[in-house]
Amino acid sequence: MAENGARKSRGETRRRIQEVALDLFAEQGYEKTSLREIAEVLQVTKPAIYYHFQSKEEILLSIFQNLGRPVADAIAWGEVQPRTLETKRELLRRYGAALDATVPLFRFMQENEATLRGLEVGREFKDQMTVIGELLSDPGASLVAQLQCMGALLTLHFGTFALPHFEGSDEEKREALLSIATEMVERAHGSQEPQDPHEPQEPQS
């Protein structure tokens, strides 16, 4: 029982470090935040931080892995599904829901984009975006179709942060954003499908 209590306490401390660190990273930037400041806010010593994390980057990576798990889950789901239009629609829906659940993290990443380029978190995020883009497009897709699929992702990604500036309920705004992104993927998917040879052809002028 005592061991379970100690494990729970360590887990709570680790979670609090992540929460405080993300708040400070978002408020004053990743580069300007030190482990000492994180320890001061938590009212603990730096060695107490080092017991759980060896560096700021390790804290940030753990935050990304925890809060970004819904995105990883959406990718894992998409990778074992048939490459159909319905799969693509559902993948967009799951990605949009994941963004809603991780807005603080993705807002931080957007505001610290330059800093993140050289960090493992930045590379992991870029890799995730690339994989989802590939799942939304088809092998041999045209450049236009590929860009439409990537544009759908970016619409969801950046649009999520802009939603507070628009009128309407949260649900209405999320549905509108998903509708726009889905339309882009549907357009791309339609341009990649082979044309039915029995379908009437447009007369050429």
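Colleague: What makes the side chains of Glu90 and Arg93 a salt bridge?

Modeller: The N to O distance is 2.7 Å. A salt bridge is a side-chain nitrogen of Lys or Arg within 4 Å of a carboxyl oxygen of Asp or Glu. Therefore the pair qualifies. This is a predicted model, where local features need pLDDT of at least 70, side-chain atom pairs count only at pLDDT 80 or more, and totals for chains, interfaces and linings use all residues. Residues are numbered from 1 along each chain as its sequence is written, and side-chain values use heavy atoms, with hydrogens and water left out.

Colleague: Where do Glu90 and Arg93 lie?

Modeller: Both are in helix α6, residues 85-101. They are three residues apart, about one turn of the helix. Helices here are DSSP runs (H or I, at least four residues), numbered from the N terminus.

Colleague: Why is Glu90 called buried?

Modeller: Its relative accessibility is 19%. Buried means under 20% relative accessible area, exposed over 50%, partly exposed in between (1.4 Å probe, protein chains only). So Glu90 counts as buried. Arg93, with 41%, is partly exposed.

Colleague: How many salt bridges does a search of the whole structure find?

Modeller: Ten. One of them joins Arg15 to Glu19, with the closest N and O atoms 2.4 Å apart. These two are four residues apart in helix α1 (residues 2-28), so about one helical turn separates them. Arg15 is partly exposed at 33%, and Glu19 is partly exposed at 34%.

Colleague: Which residues are linked with Arg15 and Glu19 in a network of salt bridges?

Modeller: Glu12 and Arg16.

Colleague: How do you know that Lys173 has no salt bridge?

Modeller: The nearest side chain of opposite charge, Asp170, is 4.1 Å away. Lys and Arg count as positive, Asp and Glu as negative; His and the chain ends are not counted.

Colleague: What lies 3.1 Å from a polar atom of the Lys173 side chain?

Modeller: The backbone oxygen of Phe166. Leaving aside neighbours within four places in sequence, Lys173 is also in contact (heavy atoms within 4.5 Å) with residues including Leu163 and Pro164. Lys173 itself lies in helix α11, residues 170-192.

Colleague: What puts the buried residues of α2 on the same side?

Modeller: Those residues are Leu35, Ile38, Ala39 and Leu42, in residues 35-42. They cover an arc of only 100° around the axis, which puts them on the same side of α2. The arc is that of the directions from the helix axis to the C-beta atoms.

Definitions and conventions:
A polar contact is a pair of N or O atoms within 3.5 Å; within protein, one must be able to donate a hydrogen and the other to accept it, and residues adjacent in sequence count only if both atoms are side-chain atoms.
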